[in-house]
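Please read it with the model open.

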Amino acid sequence: MTVYAVGDIQGCYDELQTLLTKVAFNAEKDELWCVGDLVNRGPKSLETLLFLYEMRHCVKLVLGNHDLHLIACFYDHDRLKKHDTIQDIIHSKQGTTLINWLRQQPLVYFDPVRCIAMVHAGIPPLWTLEDSLMRSAEVEKALQSDKEIGKFLKNMYSNDAVNWHESLKGQERLRVITNYLTRMRFCKLDGTIEFNSKEGIDSAPSGYMPWFEVPHRKMEGQDILFGHWAALEGRCNEPHVYALDTGCVWGSCLTMIDVETKQMYSTNCTAIKGK
Ligand SMILES: Nc1ncnc2c1ncn2[C@@H]1O[C@H](COP(=O)(O)OP(=O)(O)OP(=O)(O)OP(=O)(O)OC[C@H]2O[C@@H](n3cnc4c(N)ncnc43)[C@H](O)[C@@H]2O)[C@@H](O)[C@H]1O
């Protein structure tokens, strides 16, 4: 059995199929892990989600910001933006099934056998693995609750929720956890994050650094797979941290890693012209 983890697919279904063929993926024996952002911006979001759902017996995934946005748009079509490419999911006959499946997925996944954590954006430097799993579970509970989900999605969007405090409560607490786990790139020594800088490591605003370069990070030395940050082009130069978003949806390539040997496989984007 081989476990492969794939970077942000974002509806790049054809490239996903090319990669699975390249590694001779066998759904009877192998596992496919996804670091989130399965959909949006790319051309075949519905096909991607249906395919992963059909393979759910061998798929493990964490939710990314675009997946959360899909869930929010499903319940409130007014949230759809001009450039979103998720309308076909929302209007599909299988929409409810797919959204209900996504609602059961975590923001942080940890494999205790292989000692590997998977998250969309990153693990906040001040959080241990246990902190991350517990706080992820708070958001998961809201997503899974028919009573809570509406309030959570309505309050989720914010560029101001940038500071974690254990004393945070209610929707503000959930919003900050969501921002850390699904949107973080750069942060300050005290853990403050910001959302304007999206280019490479060299574009850090003054006082900020990539989350994985913060000194004395609590999860230093532990394997972490993450996506979200396309401009890294798969390079983060931090031992045990694996950047898997190689910007397929921006015209670059889709990347997969064998989580045990750490061998990387890539395929060039075929459908989208580079930015
Ligand atoms: N809690 C919450 N609060 C607010 N919004 C929420 C939310 N939860 C979900 N959302 C939703 O999240 C979605 C995205 O929001 P955006 O605000 O557009 O977020 P983003 O950081 O641009 O995210 P993305 O995931 O697309 O990042 P990527 O690195 O690929 O791309 C980023 C940039 O990298 C650039 N880039 C890509 N490849 C590059 C390269 N090789 N070199 C340099 N730059 C590159 C691209 O030009 C691009 O601008 C929206 O729909 C929003 O509504």
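1. The model is predicted: local features need pLDDT of at least 70, side-chain atom pairs count only at pLDDT 80 or more, and totals for chains, interfaces and linings use all residues. Residue numbers start from 1 along each chain as its sequence is written. Helices (H or I, at least four residues) and strands (E, at least two) are DSSP runs, numbered from the N terminus.

2. The ligand is surrounded by 21 residues, and the closest are N65, H69, K198, A230 and A231. A residue is near a molecule if its C-beta atom, placed from the backbone, lies within 6 Å of it. The largest share, four residues, comes from α3.

3. By type, the shell around the ligand holds seven nonpolar, nine polar and five charged residues. Here Ala, Val, Leu, Ile, Met, Phe, Trp, Tyr, Cys and Pro count as nonpolar, Asp, Glu, Lys and Arg as charged, and the others, Gly among them, as polar.

4. Two packed helices are described by the angle between their axes and the distance between the axes. Axes are lines fitted to C-alpha atoms, for helices over the stretch in contact, and angles run from 0 to 180 degrees between N-to-C directions.

5. Helix α3 packs on helix α5 (residues 95–102) at an angle of about 135°, the axes being 10 Å apart. That angle makes α3 oblique to α5; angles under 35 degrees count as roughly parallel, over 145 as roughly antiparallel, 65 to 115 as roughly perpendicular and the rest as oblique. D67, I71 and F74 of α3 make the contact with G95, I99 and L102 of α5, where contact requires C-beta atoms, placed from the backbone, within 7 Å. These contact residues divide into four nonpolar, one polar and one charged.

6. Helix α6 (residues 129–144) packs on α8 at an angle of about 115°, with the axes 9 Å apart. The two helices, α6 and α8, are therefore roughly perpendicular to each other. From α6 the contact takes R135, S136, E138, V139 and A142, and from α8 it takes L174, I177, T178 and L181. Five of these residues are nonpolar, two polar and two charged.

7. K81 sits in the loop between α3 and α4 (87–90). With 9 C-beta neighbours inside 10 Å, K81 counts as exposed; a residue is buried if 20 or more other C-beta atoms, placed from the backbone, lie within 10 Å of its own, exposed if 12 or fewer, and partly exposed in between. K81 is 12 residues from H69 in sequence, and their C-alpha atoms are 10.0 Å apart.

8. Beyond its neighbours within four places in sequence, S197 is in contact with R185, F186, S203, A204 and P205. S197 and F186 are 11 residues apart in sequence, with 7.6 Å between their C-alpha atoms.

9. H216 has a phi near 60°, a positive value in a residue other than glycine. H216 lies in the loop between β8 and β9 (223–226) and is exposed, with 8 other C-beta atoms within 10 Å.

Notes:
Two residues are in contact if their C-beta atoms, placed from the backbone, lie within 7 Å.
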